[in-house]
Amino acid sequence: MALVTTAELVADAQARRAAVVAFNVITLEHAQGILAGAERAGRPVTLQLSQNAVKYHGSPTAIAAAITAAARESRADASFHLDHVTDIDLVQRAAALGASSAMYDGAHLPFADNVAQTRAMVEWGAEHGVWIEAELGEIGGKDGAHAPGVRTDPAEARRFVEDTGVAALAVAVGSSHAMTEQTATLDLDLIQALAEAVPVPLVLHGSSGVPDDQLRSGAERGMVKINVGTALNVAYTGAVRSALAADPALTDPRKYSAPARAAVGDAVEHVLGVLA
């Protein structure tokens, strides 16, 4: 339908006491598969490009152009978001790249430094029409920063939001990045406490490792933006492996990229159905 803003999608989800799902894009096939799944589910999505994916491409320009073009041509509403960005220059390229939002990741910094730098990014975003998400303490599994059981403190989260003016906050509530199996356990009571303590939408990172029923419950308790990445890569790579195993002589990348793209779409449709 349109390339829309992340702020619009998040505000709509919050008003409906629902969640919008943000899916990570690495290749064009990811973007196309995500949008195909969204069209079939009849749901909006956010297309996320991480700083790590930008490093893979060498520059954000081409992949960002592909993402925004694919979104404009889709029958689904979709926004474009820069995710886990520590490079301030990349955050400040968001609008020029067509992204309406960015997650500035200062979680590796001491609390006071994270507050100061995030506040600077929020002020910049306000001047340039870019919605800014941030993170308080790294999510479990990211660079090994959190041991199992580490959680975001509601009082500290409230203070962080008040001191920065950030539009949304990613919190540690039991999920971990890069999980290939759904074995994580969300702290649902903590999610509810955070939702009551923090006046902005909460973001769940590392959602690929969360079982479907808990993902649904997490949204019901207060998670508004739910990020999914690894599940798409598992589907994508599995389809490639199957295609190549079925025909060891296969050399045309279209023959294994097409099923990989379709597998991404199926994974997206499933997640959106869980959170319908």
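Strands (E, at least two residues) and helices (H or I, at least four) are DSSP runs, numbered from the N terminus. The UniProt record, an unreviewed entry, lists Asp 83 under "active site"; UniProt positions are given in the numbering used here, feature names are shortened, and annotations may be inferred rather than shown by experiment.

A word on the model itself. It is a predicted one, so local features need pLDDT of at least 70 and side-chain atom pairs count only at pLDDT 80 or more, while totals for chains, interfaces and linings use all residues. Residues are numbered from 1 along each chain as its sequence is written, and side-chain values use heavy atoms, with hydrogens and water left out.

Back to Asp 83 and its surroundings. Leaving aside neighbours within four places in sequence, Asp 83 is in contact with Asn 24, Gln 48, Leu 49, Ser 50, Gln 51, Met 103, His 205 and Asn 227, where contact means heavy atoms within 4.5 Å. Met 103, His 205 and Asn 227 also turn up among the contacts of Glu 133, again leaving aside neighbours within four places, and so do others including His 81, Tyr 104, Val 203 and Lys 225.

Glu 133 is in strand β6 and is buried, with a relative accessible area of 0%. Its side chain makes a polar contact of 2.9 Å with the side chain of Lys 225, and another, also 2.9 Å, with the side chain of His 205. A polar contact is a pair of N or O atoms within 3.5 Å; within protein, one must be able to donate a hydrogen and the other to accept it, and residues adjacent in sequence count only if both atoms are side-chain atoms.

Strand β6 also meets helix α7: the buried residues of α7 pack against β6 (131-135), α5 (88-91), β5 (101-104) and α8 (154-164). Those buried residues are Phe 111, Asn 114, Val 115, Thr 118, Met 121, Val 122, Trp 124 and Gly 125. Just after α7, Gly 129 takes a positive phi of about 70°.

On the α8 side there is Thr 164, which is buried at a relative accessible area of 4%. Not counting residues up to four places away in sequence, Thr 164 touches Val 115, Thr 118, Arg 119 and Val 122. Its side chain also reaches the backbone oxygen of Phe 160, at 2.8 Å.

Zooming out, the protein has twelve helices and nine strands, and 53% of its 276 residues count as buried. Among contacts between residues at least 6 apart in sequence, 72% join residues at least 24 apart.

Terms used: Buried means under 20% relative accessible area, exposed over 50%, partly exposed in between (1.4 Å probe, protein chains only).
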